[in-house]
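This report covers selected residues, a cavity and the ligand surroundings. Please read it alongside the sequence and the model.

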Amino acid sequence: MKKAAHGIALITGGSRGIGAAIARALAQDGFDIWLNYRTDTEAAARVAEAVRAAGRRCRLTPFDVTDAQAMEACLTPLLEDHAPHVLVNNAGFTKDVLMAWMTPSEWKSVLSVSLDGFFLVTKAVLTAMLRKRRGRIINIVSTSGETGMPGQVNYSAAKAGLIGATKALAAEVAKRNVLVNAVSPGFIQTDMTAKLPEERILPTIPMGRFGLPEEVAAVVSFLCSKRAAYITGQVIGVNGGVHM
Ligand code: NDP
């Protein structure tokens, strides 16, 4: 096995979809991967196999990003010996319903994965990044958080909040060479969008198609590279022109 050229990348929600594509891309770039997910161990094991096929190490780090105790139990022992260079806060989920019918739990659960997840996992790795004066944090947000989307008041609020957190943290830690950016996908082909009515959505996308997880991962890969050394606090859309 080749020595990781770039250190460790911790990716939350990496068992499927966009997170899995990011894990594969960063492994190709030379990162060892810490792959977080919540439940789908079989899917995570397949991603780990792909990472190992690229010649990198993959450690499965399953925990619910909203569960501080589970997160600490999993990450604290690892962080004693290692400091990830990259954190991708990708875990996210939707519970779409019109505001008039939204329950407190539908509101809180969606906010919690995006915002508590960001807070807990970022805080866990940030001190080590600041100490080393080296780090890249990428938050996966959404067009929904930039424009607002009917039926997604909870999700739009969660992702808009994460955009605010991205910019505030970027300003706090820039001097320590820790760069914080957001990548904002439009409609991407994953389990999350599998049940959406394509025939209604496609005409709203200037490029006329859904994006691929790999097309989001390519931007994350760039933001984690030396070529992106002067980019921080930005929200980069990968959306086929659906929001300009
Ligand atoms: P998927 O539903 O395909 O995958 C979600 C991933 O997140 C899974 O690995 C899942 O793990 C994990 N996950 C969910 N909740 C938690 C949790 N509480 N703790 C840890 N892991 C969790 O989603 P996508 O790949 O489509 O989305 C990835 C990110 O991109 C999300 O933040 C999403 O909001 C964002 N996004 C997606 C878009 C799209 O069109 N697909 C558009 C814009 C943004 P497990 O299966 O083990 O539960």
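Asn-177 counts as partly exposed because its relative accessibility is 40%, where buried means under 20% relative accessible area, exposed over 50%, and partly exposed in between (1.4 Å probe, protein chains only). The model is predicted: local features need pLDDT of at least 70, side-chain atom pairs count only at pLDDT 80 or more, and totals for chains, interfaces and linings use all residues. Residues are numbered from 1 along each chain as its sequence is written, and side-chain values use heavy atoms, with hydrogens and water left out.

**Backbone and burial**

Asn-177 sits in the loop between helix 6 and strand 6 (178–185); helices (H or I, at least four residues) and strands (E, at least two) are DSSP runs, numbered from the N terminus. Asn-177 is not a glycine, yet its phi is positive, at about 65°. Most residues other than glycine have a negative phi. Arg-133 also has a positive phi, near 55°. Arg-133 belongs to the loop between helix 4 and strand 5 (135–140) and counts as partly exposed, at 46% relative accessibility.

Ser-156, in helix 6 (residues 153–173), is buried, with a relative accessible area of 9%. Leaving aside residues up to four places away in sequence, Ser-156 touches Ser-144, Gly-145, Gly-148 and Met-149 (contact means heavy atoms within 4.5 Å).

**Ligand**

There are 31 residues around the ligand, and Ser-15, Arg-16, Asn-90, Tyr-155 and Thr-190 come nearest; a residue is near a molecule if one of its heavy atoms lies within 4 Å of it. The table lists polar contacts, meaning pairs of N or O atoms within 3.5 Å.

| Residue | Residue atom | Distance to a ligand oxygen atom |
|---|---|---|
| Ile-18 | polar backbone atom | 2.8 Å |
| Lys-159 | polar side-chain atom | 2.9 Å |
| Ile-188 | backbone N or O atom | 2.8 Å |

**Cavity**

The whole structure holds one cavity of 30 Å³ or more. On a 1 Å grid over the protein atoms alone, a cavity is a set of points where a 1.4 Å probe fits but cannot get out, and lining residues have an atom within 4 Å of a point. The largest cavity has about 50 Å³ of space, a volume being the space filled by probe spheres set on the points. Its lining includes Thr-12, Asn-90, Phe-118 and Leu-162. Helix 4 (residues 104–132) gives the most to this lining, with five residues. By class, the lining has six nonpolar, five polar and no charged residues; Ala, Val, Leu, Ile, Met, Phe, Trp, Tyr, Cys and Pro count as nonpolar, Asp, Glu, Lys and Arg as charged, and the others, Gly among them, as polar.

Note on methods. On a 1 Å grid over the protein atoms alone, a cavity is a set of points where a 1.4 Å probe fits but cannot get out, and a pocket is an open set with protein on both sides within 12 Å along at least five of seven lines; lining residues have an atom within 4 Å of a point. A polar contact is a pair of N or O atoms within 3.5 Å; within protein, one must be able to donate a hydrogen and the other to accept it, and residues adjacent in sequence count only if both atoms are side-chain atoms.
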